[in-house]
Amino acid sequence: MRVRLLDLSEQYRILAEPIREAIDGVLASHRFILGTRVEAFEKAICGYCNAPHAIGVSSGTDALLAILMAFGIGRGDAVITTPYTFFATAGCIARTGAKPLFVDIDSETYNISPSAIQEYIEKNCQADPSGELKTRSGERVRAIVPVHLFGLCCEMDPIHQISEHYQLDVIEDAAQAIGAEYPFGERTARAGTMGEAGFFSFYPSKNLGAAGDAGMIVCRDAELAKKLRIFRDHGMDPRYFHSVIGGNFRLDEIQAAILAVKLPHLKSWSAARRGVADFYRAEFARAGLVEKVVLPAEPYRDRGLTNHHIYHQYVVRAPRRDALREHLAKREIETAIYYPLGLHEQKSFAYLGYRRGHFPETESAARETLALPIYPEISREAQRYVVNSIAEFFG
Ligand SMILES: Cc1ncc(COP(=O)(O)O)c(C=O)c1O
């Protein structure tokens, strides 16, 4: 049996007709960029995420870049984030001229560890007389970018406390976590809405995927939303008058129209992914593998939330990971490694001066984790085959 890591064919089979109609509508309208479909999709995302403002952009990467630019973060500044994430998170920080400051992850959730942030600040930073937080080398620490990895929210309460105390902005990288919930203080909050700004990626393999690149920023403040719309379009306001330097971060009408067809299904797709995760858990227990294979943590499961995890990826931790992966490949089971190398060890970030050993939790996750096939329509038979093949490997 062949098991794909992600298979979009069933989703497309069901939605092919309305998607084609949506595309035809855009073609007939001759309006291809930032039109009524983008506006309607932005409103729909506000509703889905319970966010006052949403700004459609060209990708998750451009979303983060636009936010950092709108906050005026650049040369002389520093931004705290995780080294265990997709490159774009720290890549955007570096592209503004600011310095990424890496802080290690929690070993169970793989998300940035709030206590490690606190410890990092206490050991390496100091508030100057004006109250600005500075690194030892003099950069001004401006923001924290927590990444809700694999569809699970970071522990936002302690992160919020730290950001309040040191007056840092929080920019949520929710690229992988649209709709994921967190028990934020007294309320249930959706990913992207707990900081000053947040963003999503609609890269085709995401839970809500476009037919190309697309992204969305959400924020609470109306002035910031206005600013982000200006930055999204070359800093232009009004037409051909540029008060700031922005970029071309605009969202296409075709992508917005396709995403608007898919969005009403997202709730049930996320629920189906949780069902897949529950079945994996039961199967791993049946196969007697729970001592060998560490399953994804679900820290908010019994906290009265629906979307306590949206399982963008189903990532396990296993000994002899690479050999296991090869074994599964021989059984025609696709897997993936997110991510094989911490960002602190990437060649492009060598100038930051980090070395192997700096972030032990990130490094062991990079060595030991493996993403197993997950998508809403995966069959129970395929899942059982995956688990049986893992059991076979461990003898
Ligand atoms: C954690 C994270 N941040 C940022 C991005 C960038 O999003 P995009 O691919 O839409 O530019 C991604 C996309 O894969 C991501 O997974």
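At what angle do the axes of helix 8 and helix 11 cross? The answer is roughly 40°, with the axes of helix 8 (residues 253-286) and helix 11 (residues 380-393) coming within 10 Å. Axes here are lines fitted to C-alpha atoms, for helices over the stretch in contact, and angles run from 0 to 180 degrees between N-to-C directions. That angle makes helix 8 oblique to helix 11 (under 35 degrees is roughly parallel, over 145 roughly antiparallel, 65 to 115 roughly perpendicular, and the rest oblique). Helices (H or I, at least four residues) and strands (E, at least two) are DSSP runs, numbered from the N terminus.

Before going on, some ground rules. This is a predicted model, where local features need pLDDT of at least 70 and side-chain atom pairs count only at pLDDT 80 or more, while totals for chains, interfaces and linings use all residues. Residues are numbered from 1 along each chain as its sequence is written.

Helix 8 brings Val276, Phe279, Tyr280, Glu283 and Phe284 to the contact, and helix 11 answers with Arg380, Gln383, Arg384 and Val387. Contact means C-beta atoms, placed from the backbone, within 7 Å. Sorted by class, these residues are 5 nonpolar, 1 polar and 3 charged. Ala, Val, Leu, Ile, Met, Phe, Trp, Tyr, Cys and Pro count as nonpolar, Asp, Glu, Lys and Arg as charged, and the others, Gly among them, as polar.

Now zoom out. The chain is assigned domain 1 (9-260) and domain 2 (266-393), with bounds from an automatic or database domain assignment. Their centres, taken over C-alpha atoms, sit 24 Å apart. Domain 1 puts 29 residues into the contact and domain 2 puts in 30. On the domain 1 side, helix 4, strand 3 (99-102) and strand 8 (181-184) each give at least two residues. That side has 15 nonpolar, 8 polar and 6 charged residues.

Next, the ligand. Of the 15 residues around the ligand, Ser59, Gly60, Thr61, Ala175 and Ser201 come nearest, where "around" means a C-beta atom, placed from the backbone, within 6 Å. Helix 3 (60-70) and helix 4 (87-95) are the elements giving two or more residues to this shell. The shell splits into 5 nonpolar, 8 polar and 2 charged residues.

Helix 3 also packs against helix 7 (residues 222-232), at about 115° with axes 9 Å apart. This crossing is right-handed. Ala66, Ile67, Met69 and Ala70 of helix 3 meet Leu224, Lys227, Leu228, Phe231 and Arg232 of helix 7, giving 7 nonpolar, no polar and 2 charged residues.

Methods. Contact = placed C-beta atoms within 7 Å. Left-handed = near helix turned anticlockwise from the far one by under 90°.
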